[in-house]
Amino acid sequence: MEQLYGIFVYAVFLLTMGGIYAVLTLGLNIQWGFTGLFNAGVAGFFAIGAYTTAFLTTAPSARHFGGFELPAGAGMVAAMVASALIAWGVARICIRLRSDYLAIATLGIAEIFRLVLKNETWATNGARGVSLIPKPFEHLPEPWNQVAMLLLVFAIVLVLYGLLERARRAPWGRVMSAIRENEAAARAAGKNVDKLRIEAFILGAAIMGLGGALMAHHIKFIDPNMAEPVSATFLVWVMLVIGGSANNRGAILGALLVWTIWSTTEIITTRLPTEWALKAAYLRIFLVGLALQLILQRYPGGIFRERRLRTSTTASNRGGGSHP
Amino acid sequence: MDTNPDRTVSGAAAPPILAVEALTRSFGGLTAVDRCSFRVDAGRITGIIGPNGAGKTTIFNMVAGALPPSSGRILFDGDDVSSLPTHELFHRGIVRTFQIPHEFGRLTVLENLMVVPTSQPGERLWRVWTSPARVRRREREVWERAEDTLRFLTLWDLRDELATNLSGGQKKLLELGRAMMTEPRLVLLDEPGAGVNPTLLVKLRDMIRQLNQRRGYTFVIIEHDMDLIASLCERVIVLAEGSVLTEGTMDAVRRDPRVIDAYLGGGGEGGAAHGG
Ligand SMILES: Nc1ncnc2c1ncn2[C@@H]1O[C@H](COP(=O)(O)OP(=O)(O)OP(=O)(O)O)[C@@H](O)[C@H]1O
Ligand SMILES: [Mg+2]
């Protein structure tokens, strides 16, 4: 019984984290999947969201900036706004860059951002991070507080899915994909490509910021390491590619799937003898890379492929579509 | 079959819809367009011919805002539009097609056309979320227009196909289809006939003529198919080595020894030496 309860709590935690990653992946899907923007700085927007809400919702502390004790909801909204604003600034400079240069630029900006978080100790408490971030429902008894958090995360994922799926099927999604497919032709069709790209970049970043805020509230703690390229950017990219780029369901499924692989391998690696533990961290990355290989060989476009409007099935866009 | 007798011949005094003045564009050491000047009269179909590499496409790229000129001016309706971005020129009424088809590969054929029309409320995110009925209404209009266009181009059966899977000629038609989804004032067609089958080519020619006569669209057509040019255009501009060699009716141009020379010389030094 004890053990069963442990598994239950673990599963709730696993799914909550998977759901938070689904938020991040949905954000990246807008940028890369719909619009073809190679954002390699997911971690940066994640961190902006996480730190914004941390500063706004914690109690006053001498260790870090902020301490306004705002409700978590306000913190999440502010996280989205902050990420959107930074994204606007980044996009104004970088959005005209060719895909590969955009990747380098965003990766660089995210790294600079992480170093600032690490070194501006007066504001961020440096590498020790910000702790005691309030968690929604934490006054509820165990395990209901965890379950409530899971439900909150899933509700957010569902709402996002609904909104983004409508956006994807609308002319908005169509024009974004047109830009992804052929920039010159989109311009020749009278589309203000730069403006639309900036819009997609900002929307995606705002959602990543929300993901960061959820993460901060969920684990009640945030430090600059959580904004490392591997744990944030790399994982989210793998999730999107495996699940199926340009497909919102794919983004969610990919996040849940890859997160499960990622965290269950952690169970294994932490049980290894200490002299192995360090190597094991790389083994995990290797394993995820291997999963990526295997899945992409079986499903080249990801598990769920991109779906386009078909006149014969417009009334009901059915699911599936993983066959080539 | 040849020239249309009841075509109105406007006086030379009417201001041109497009004027290109000393337009120049170099790529590194190569001057692709060299102090090129010409005018396009409103309401007419003007042809541009010239050997490969004469700079025809480069001129279109500059007029459509895809490529900044090195020097010179482009006047549209009397306004200097030389530095305007493509989408703004589009909204002023300049529409172009590409010599090498630029399809939206992983969009369906139908979607390729539905992207084009302006004032689609569904391109605004908050409208998508707040006024879906309005979005749907406009979407229906856009759909119907795309359907008409595809039926005309004999591509309707391929509407659900991804554009990347079309044949070269079909992509060429789709290219034209996108231009037909708007209400342009000036249409720049870059080799519309290349790769299109003869039956359809006749239809295409009639369509261009119809759009010109009924809707008053001004056309500039780059073409290597001299018969197509001869049957559509009363005025032809001949380009060689980046500038205007001569212009006039197709018949006059065809007989011009410099033109023959330019084509035979392949635009190389030999041709130019003979010409000069
Ligand atoms: N982006 C570019 N970079 C470098 N050179 C270019 C570029 N675009 C065109 N050129 C060169 O400019 C010259 C004119 O090219 P352009 O495409 O305008 O010729 P064209 O008259 O359209 O020929 P064709 O009939 O073969 O289509 C060519 O020598 C070409 O190599
Ligand atoms: Mg050309």
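Modeller: Two residues are in contact if their C-beta atoms, placed from the backbone, lie within 7 Å. This model is predicted.

Colleague: What makes chain B and chain A an interface, and how many residues are in contact?

Modeller: By that 7 Å cut-off, 31 residues of chain B are in contact with 26 residues of chain A. Helix 2 (86–92), helix 3 (109–114), helix 4 (125–130) and helix 5 (132–152) of chain B each supply at least two residues of that side. Helix 2 of chain B has the largest share, 4 residues. The classes on the chain B side are 13 nonpolar, 9 polar and 9 charged residues.

Colleague: Why say that the buried residues of helix 4 of chain A line one face?

Modeller: A buried residue has 20 or more other C-beta atoms within 10 Å of its own. In helix 4 of chain A these are Leu102(A), Thr106(A), Ile109(A), Ala110(A), Phe113(A), Arg114(A) and Leu117(A). Down the axis they fall within an arc of 140 degrees, so they line one face of the helix. They pack against helices 2, 3, 5 and 10 of chain A. On the other side, Asp100(A), Tyr101(A), Ile112(A) and Leu115(A) are exposed.

Colleague: Which helix gives the most to the shell around ligand 1?

Modeller: Helix 1 of chain B, with 3 residues. The shell has 4 nonpolar, 7 polar and 1 charged residues.

Conventions:
Residues are numbered from 1 along each chain as its sequence is written. Chains are lettered from A and ligands numbered from 1 in the order in which they are written. This is a predicted model: local features need pLDDT of at least 70, side-chain atom pairs count only at pLDDT 80 or more; totals for chains, interfaces and linings use all residues. Ala, Val, Leu, Ile, Met, Phe, Trp, Tyr, Cys and Pro count as nonpolar, Asp, Glu, Lys and Arg as charged, and the others, Gly among them, as polar. A residue is buried if 20 or more other C-beta atoms lie within 10 Å of its own, exposed if 12 or fewer, and partly exposed in between; C-beta atoms are placed from the backbone. The arc is that of the directions from the helix axis to the C-beta atoms.
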